[in-house]
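Morning, everyone. Please look at the sequence and the model first.

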Amino acid sequence: MTEELELILSQLTQPDNAVIQQATVQLKQAFKDPAIIPALCAVMSGSQNPQIRQSAAVMLRLRVKKHWKKINPNDRESLKTVVLQAFMQETEHTVQHSLSQLCAMMVKHETPDRWPDLLQLLNQATKSSNPHDRQVGLLLLNKVMESNPEPFKPHYCQLLQLFTVVLQDLQNPTALYYCILTLTAITAYTGTEEMNLMRSIIPHLIVALKHLIKADQSQASEAMEVFNELMESEVSIIVPHIADIVRLCLEVGSDTTLNDSVRVKALSCIAFLIKLKSKTVLKQKLLTPILQAIFPILIAAPPPGEQDPEDREDDSGDGTDDDNPKHCSAQIIDTMALHMPPEKLFQQLMPMTQTCLASENPYERKGGLMCLAVLAEGCADHIRTKMLSSVLQTVCQSLSDSNQVVRSASLFALGQFSEHLQPEVSKYCAELMPLLLGYLSSLNQAKVGHVTKAFYALENFMENLGADIEPYLPTLMETMLSALNNAESLKIKELAVSAIGAIANAAKELLVPYFPPVIESLKGFLTTTSEEMRSLQTQSLDTLSVLARAIGKDVFSPLAAECVRLGLNLTDTIDDPDLRRCTYSLYSAVSTVSPDCLTPHLPAITTIMLLALKSNEGITAHVEEDKTFVLLDDDDDDDDNDVEVKDSVEFLEDEPDTDLHDVAGFSVENAYIDEKEDACDALGEIAFSTGAAFQPFLESSFQQVYEMRDFPHEDVRRAAFGAMGQFCRAQHLVWKEIPTEANHQALLKLLDVVLPCFVESVRTEHERQVVMGILETMNNVMKSCKEEAFKNPARLKEISHVIRDVLKKKTVCQDGGGDEADDEEQEAEYDAMLQEFAGEGIPLVASSVPADKFSPFLNDLLPLLMNKTKSSCTVADRSFSVGTIGEILQALVTAPGGAGVAGRLSNRLLPVLVAGARDSDAEVRNNSVFALGCLAQAAGPICVTDYPMMLSVFSSMLTKESDLRVIDNLCGALCRMIHSNVDAVPLEQVVPALVGRLPLKEDMDENKTVYSCLAMLYTHSPALVLGLMKPIVAASSQVLGNSKVDQETQSTLALLMRDFAQQHSAAFQAAVSSLPGEQQAALSAALS
């Protein structure tokens, strides 16, 4: 059979299709013969043709992969012997490679201890005095270990000793390469017993990498992955060597004689290190050397006659250019901003940035602007509160720079500021809008690449303007509609469609007059079938979704059903993940406007979205055999052989001669990730909006979304957790509408799966953004489901403890348990924000359970909040902590037993809140005043003895305070005190001062407190209120009919006014007639 098989295999390599087909049929026949295994072994070790030896090895690997159990034991044993002999006598590298993969596949089935010859061979070859044998031995070791790291655990210490020796063999780069790859593969599995060996290996590793870079840059670039693996799995090994690793990475990243891929790899290692261990980087004083090395990269001019990728005409303009060293340097600064305390970063960074901005060299000015741009997200508070006007001035000046490279960078910076520095940035509307509109006036002559950046800045800026956009609307819409109808370039049309979405987000119903022409233009783009208009079509769908949410139900509802049909037609006819993703967002938007239009189509819509979540399209596993063909696992032998033969044949046709290496993990095409993320978001929102109609699909949707909580990509995980929360809220809503026992049980069952999953993931998830998302979702679930979320007796403790752990920075994503920095006060803004999300949960728990049950947990949590009220803390921390204390006290007002708990806390809280009321920052004062009012209201009679002190604080504030929101909250707090203990307040002095501050100017929510108090006082002390009728009527005329004030407050007030009119008509008429005409009209309209 051996010769026959060799002939068949040689025919498969012929360039003749007919020959290949005939050989394939013969091969299928041969595979049915049990003697195929010994025959393949014979060909693999005996054929003269290396290509045929390789084919035999590949086929054996497929056989072993699927049928190890079916191969008879004698054949298995002889295969184990033959493959090792063949491996050692083989001279061709490609065949050795395939043989090593065959061994790796066999080890998957035979644990190493059941194959002692393999261990012996590895031991001999890797220690051989012949450099070639060592190389080959390390290749085999690498393949076997990469596919089965765990079974080899008992041998790790021995292996690490071997690596220590191999890494010093600097004349043999291939051996170094395989050695480092193997070290990378086992790092995640090493434990405490290997720690010391791992530590001692790092200095050798650094030297070895330097030599490998000289020998083979692409191998070196792959080998540097070892640093990421070491940082991620066992940071304590790396800490003593961090300075050396940083030094190596900076040398490589700065060396312009090396190719980009190895420089990028080195720089991305530094970004990864900063993300995981920013405290250590600061402690070891590495910030300055890193900045000094990356600044020259950031400001380097490209080679003569070339441009940076983002300045080329074909750039997409979204800042995601291909990885290059300049892009990586900006990413390092971006990562610093997200993970370091702004004070420490800016102290080092700003002098360098300012030097660049003042330079004569345009690329240095560009670098300075890029630096400011990437700081905006992570250091938003710092920039907003300490330096906004100066950085905006810099950017505005740069918008009219003589050099286009600089102008482009300033547009990018402005876009970043607009996105991250809200709401303050919008206050510069009058200066910025004319500059941006100036860019658009020359739409048709300008270069598309540059216009793209102008649109990016304009969109981000407009999106947050709200009603302030009104004066610019005519110009903006005229420009956009003209671009839709006349622009030559499809890209410009696409930008205009996108901008209309941003305008709609700000303008809301102000856009109604422009709605018909916009829809008319979009219709043409939406129904196109041409490939070249695909991205314009996708953008039009996106903008349609925005319009659905922004323009108002009345205007959009007539189009809702048509939108759903459009979406379903598109996904039926076009297979494109981006297009599908946009239809999900469209259904989601329609569900908020007219859910009934969606109901008949829910079976079709949920089917498409669940398929998107299940699909593996766009995901490639980086393992060689799976890359080239996919094996179908069915157990029917005949078919199986066919499949196997077909795969083998395909594999042989595609098998490249080069040495393909397995790279860790997966790569996923972005479009498919975005599709999964949007499918989760849409399922959650549609379930919530359509309520009972979604019930038949809830379980299947939940199961599929629940599966996504471990997806490799963080955005998909975050969306999956969000949707799980939405499903709970949807089920709660259904139970409230249809309060059957079955609906109640379904809700409790869902909460019993989801909440423990949230708690566990907050502790174990590595990505900070995902944890923030989970906490936010958990808060929404508690807000909606209230006491139902705590029906399970274990829940209160679980949730309270996980909040405590985040506030104590004990979770995985907070680098918990590592080297705690000494200066607790300073931390990255996003780290503080994560704690805010956790803190927001405390008042939600307080309002969902009886106060006595929550009290022991609250005693644990309060000190963590009070620590953040110190004057040395940031404004954001002080504002958050007193704000949260206020919300907890507000929750205790209505919680059963709340008065007792609030009373017991008052002595601890009063000094903190009174100090906060005297803070230099208005928001801290505002939150402290609110909290004091809630304390008086919650504790009731218990804190009457503190009234004189509180009143004196408030009265001195009323005379001095200039911030309108704080004044509104002072009125609210006084009313809470009156409500709670009317007899403890000197009404004759307090009420006139209070009424003198009406109507409220900023905090409309406090109207409810104020007017219900006045109504109560009217029955308690009518003479006092009647004496103030004129100012009360004047204030009421501005509250009644005001859309910002809730209906309940308006009704309370209308009742009071009617009573004035009936019982005291002369005084009331006098008060009304002294008002301006329009206020009189407003009053009479509200009262009629």
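Searching the whole structure turns up zero disulfides, a disulfide being a pair of cysteine sulfur atoms within 2.5 Å. Take Cys 582: the nearest cysteine sulfur belongs to Cys 563 and is 13 Å away. Cys 582 is also buried, at a relative accessible area of 0%; buried is under 20%, exposed over 50%, partly exposed in between, with a 1.4 Å probe and protein chains only.

A word on the source. This is a predicted model, where local features need pLDDT of at least 70, side-chain atom pairs count only at pLDDT 80 or more, and totals for chains, interfaces and linings use all residues. Residues are numbered from 1 along each chain as its sequence is written, and side-chain values use heavy atoms, leaving out hydrogens and water.

Now the helices, which are DSSP runs of H or I, at least four residues, numbered from the N terminus. Helix α17 covers residues 287-298 and helix α19 residues 342-357; their axes come within 10 Å and cross at roughly 25°. Axes are lines fitted to C-alpha atoms over the stretch in contact, with angles from 0 to 180 degrees between N-to-C directions. The two are therefore roughly parallel, the term for angles under 35 degrees.

In contact, meaning heavy atoms within 4.5 Å, α17 residues including Leu 291 and Phe 295 meet α19 residues including Leu 349 and Met 352.

How values were computed. Parallel < 35°, antiparallel > 145°, perpendicular 65-115°, else oblique.
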